[in-house]
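Please read this report alongside the sequence and the three-dimensional view, turning to each part as it is named.

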Amino acid sequence: MKVNGKGGIQLTDLQQSIRITTGAQEDKALGGFIFLRDSFYGPSTSFLSSSQQDIQGTNFDELYKYGRQSAPGEPLDYDNPMVNGQYEVNLHLAEQASAITQSGQREMQLSLEGELIGAPIDIVKEKGIGHALFLFLSQ
């Protein structure tokens with residue numbers, strides 16, 4: 001995950017957050033919030049996935065319905081144009097891929113502004129399959 005703090009989106013006093021739902025083809029209204037369809041991702045070889053699975057630990061299964069993946073071993077970056085400043089990044093994750101059946105099969109390494117954040121994350125190890133994992137990052 002790469003968050004770029006240069007150029008682009010302006011936050012007004014009324015707009016405190018930008019919410020994005022990855023993989024969605026349209027904006028979504030969930031829990032009184034608007035989640036924008038994703039953009040500014042790469043590489044172009046990333047693909048969408050979808051699931052009808054009931055996600056444990058959340059009331060917003062719709063938020064987890066779609067996802068975006070890259071080919072194995074290839075990074076998936078989001079380079080959202082933002083004005084310079086400090087941001088908090090909240091990630092809502094769930095492992096739903098039918099090919100992932102146990103811990104250790106998929107890990108992801110997060111970075112903000114090119115700096116690695118913590119150890120690689122294994123969602124199945126942390127929460128199990130089909131269970132929401134919430135991460136709060138700041139830099």
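Leu 36 sits in strand β4, which covers residues 33-37, in a model that is predicted. With a relative accessible area of 36%, Leu 36 is partly exposed, and together with Ile 20 and Ile 34 it forms a nonpolar patch on the surface, the three having about 240 Å² of accessible area together.

Strand β4 also belongs to an open sheet of three strands, arranged in the order β2-β4-β3 with mixed pairing. The edges of this sheet are β2 and β3, each of which pairs on one side only. In general, the strands of a sheet pair through backbone hydrogen bonds, in either a parallel or an antiparallel way. Here β2 and β4 run parallel and are joined by two bridges, and Thr 21 stands opposite Arg 37 in β4.

How many salt bridges does a search of the whole structure find? The search finds five, and one formed by Arg 37 has Asp 27 as its partner, with the closest N and O atoms 3.3 Å apart. Because Arg 37 lies in strand β4 while Asp 27 lies in the loop between β2 (20-21) and β3 (28-30), the pair ties together parts that are ten residues apart in sequence.

## A link between distant parts of the chain

Lys 28 forms a salt bridge with Glu 62, and the closest N and O atoms of this pair are 3.1 Å apart. The two residues connect distant parts of the chain, with Lys 28 in strand β3 and Glu 62 in the loop between β6 (47-50) and β7 (66-69), 34 residues apart.

Is Lys 28 buried or exposed? Its relative accessibility is 14%, so Lys 28 counts as buried, the limit being under 20%. Glu 62, on the other hand, has a relative accessible area of 29% and is partly exposed.

## A salt bridge within one loop, and a network

Arg 106 forms a salt bridge with Glu 95, the closest N and O atoms lying 2.9 Å apart. Arg 106 and Glu 95 both lie in the loop between β10 (88-93) and β11 (108-112), so the pair ties together parts that are eleven residues apart in sequence. Arg 106 is partly exposed at 30% relative accessibility, whereas Glu 95, at 6%, counts as buried.

Salt bridges that share partners also join Glu 26, Lys 28 and Glu 62 into one network.

## The protein as a whole

The secondary structure of the protein comes to one helix and 13 strands. Read from the N terminus on, the elements follow the order β-β-β-β-β-β-β-β-β-β-β-β-α-β.

Of the 139 residues in the protein, 33% are buried, and the accessible surface comes to about 8800 Å², with 50% of it belonging to carbon and sulfur atoms. When contacts between residues at least 6 apart in sequence are considered, 62% of them join residues at least 24 apart.

Technical notes
Residues numbered from 1 in each chain as written. Predicted model: local features only at pLDDT ≥ 70, side-chain atom pairs only at ≥ 80, totals over all residues. Heavy atoms only, no water. Patch = residues over 30% accessible without salt bridge, like charges linked within 9 Å, V, L, I, M, F, W, Y side chains within 5 Å. Areas by Shrake-Rupley, 256 points an atom, 1.4 Å probe, with all protein chains shown as cover. Salt bridge = Lys/Arg side-chain N within 4 Å of Asp/Glu carboxyl O. Helix = DSSP H or I, 4+ residues; strand = E, 2+ residues; numbered from the N terminus. Buried < 20%, exposed > 50% of the residue type's maximum accessible area, 1.4 Å probe, protein only. Contact = heavy atoms within 4.5 Å. Pairing = 2+ DSSP bridges.
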